[in-house]
Amino acid sequence: MESGNKKHLLDKLSATIVGDNVCPELRSGATQLVFGDGSHDSKVVFIGEAPGKKEDEMGKPFIGASGKLLNEMLEKIGLTREEVYITNIVKYRPPENRDPSKKEKKAFLPYLKQQISIIAPKLVVTLGRHSMDCFLPGKKISEAHGVPEKVDGITYLPLYHPAVALYNGSMRQTLMNDFHKIPDLI
Ligand code: URA
């Protein structure tokens with residue numbers, strides 16, 4: 001699909017989420033919808049959990065501390081933030097940065113699946129167990145991280161969430177090792 005067309009469809013999808021009033025309680029406590037960021041033509045899509053404080057303020061995913069680490073790791077594998085696409089399952093900030101609930105994840109999942117199918121990447125990288133659970137349910141992240149799995153023509157690579165690696169050197173190394181698998185998969 002042509003890039004302009006993808007942009008049009010993604011804009012429409014973003015407006016549909018607002019129009020459908022998905023998770024009204026979350027919406028009423030959030031500043032804005034945090035839809036996604038990056039290249040619509042990317043071969044890889046990264047999916048986190050939900051926006052945090054900074055993301056809520058700025059309307060972009062992964063721009064706080066976790067986002068800085070994500071950017072650093074992308075750079076180490078020769079990718080820039082601008083050439084990949086980044087989004088979250090839940091698109092409004094949960095209060096006090098609590099984990100997204102099962103109901104909230106379920107409510108946003110059909111929209112996330114449409115978002116992925118418009119971009120049509122080769123690889124979907126899930127960040128953290130919430131995101132992994134949406135696509136590879138029933139797995140334990142301690143066993144599944146870094147192991148790619150193909151489902152319906154798309155490869156999924158579950159990774160730990162960058163937030164767990166922020167203050168834990170060995171987790172950071174594990175995450176980096178897993179990141180190095182990305183270039184061969186796209
Ligand atoms: N953590 C997430 O999962 N998503 C963001 O956008 C920021 C932090």
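A pocket, as the word is used here, is an open set of grid points where a 1.4 Å probe fits, with protein on both sides within 12 Å along at least five of seven lines. In this predicted model, the largest pocket is the space taken by the ligand.

The residues around the ligand are Gly 48, Glu 49, Ala 50, Pro 51, Glu 55, Pro 61, Phe 62, Asn 88 and His 161. By residue type, this shell divides into 4 nonpolar, 3 polar and 2 charged.

On the backbone side, a polar atom of Ala 50 is 3.0 Å from a nitrogen atom of the ligand, and a backbone N or O atom of Phe 62 lies 2.9 Å from an oxygen atom of the ligand. Asn 88 contributes a polar side-chain atom, which lies 2.7 Å from a ligand nitrogen atom. On its own the ligand has 240 Å² of accessible area, and the protein covers 91% of that.

Asn 88 also leads on to the strand E3, which spans 85-88. Thr 87 is found in strand E3 as well. Is Thr 87 buried or exposed? Its relative accessibility is 1%, so Thr 87 counts as buried, the cut-off for buried being under 20%. The side chain of Thr 87 has a polar atom 2.6 Å from the backbone oxygen of Phe 35.

Beyond E3 comes a loop, which runs to helix H5 (102-119) and contains Asp 99. Asp 99 has a relative accessibility of 40% and therefore counts as partly exposed, a class that lies between 20% and 50%. Asp 99 and Glu 49 are 50 residues apart in sequence, yet their C-alpha atoms are 7.9 Å apart in space.

The loop between E3 and H5 also holds Asn 97. The phi angle of Asn 97 is near 60°, a positive value in a residue other than glycine. Asn 97 counts as partly exposed because its relative accessibility is 45%.

A positive phi is found at Asn 21 too, where the angle is near 50° and the residue is again not glycine. Asn 21 lies in the loop between helix H1 (3-19) and helix H2 (24-29). With 35% relative accessibility, Asn 21 counts as partly exposed.

Key: Residues are numbered from 1 along each chain as its sequence is written. This is a predicted model: local features need pLDDT of at least 70, side-chain atom pairs count only at pLDDT 80 or more; totals for chains, interfaces and linings use all residues. Side-chain values use heavy atoms; hydrogens and water are left out. A residue is near a molecule or strand if one of its heavy atoms lies within 4 Å of it. A polar contact is a pair of N or O atoms within 3.5 Å; within protein, one must be able to donate a hydrogen and the other to accept it, and residues adjacent in sequence count only if both atoms are side-chain atoms. Accessible areas come from the Shrake-Rupley method with a 1.4 Å probe; for residues, only the protein chains shown count as cover. On a 1 Å grid over the protein atoms alone, a cavity is a set of points where a 1.4 Å probe fits but cannot get out, and a pocket is an open set with protein on both sides within 12 Å along at least five of seven lines; lining residues have an atom within 4 Å of a point. A molecule sits in a cavity or pocket if more than half of its atoms lie within 2 Å of its grid points. Ala, Val, Leu, Ile, Met, Phe, Trp, Tyr, Cys and Pro count as nonpolar, Asp, Glu, Lys and Arg as charged, and the others, Gly among them, as polar. Helices (H or I, at least four residues) and strands (E, at least two) are DSSP runs, numbered from the N terminus. Buried means under 20% relative accessible area, exposed over 50%, partly exposed in between (1.4 Å probe, protein chains only).
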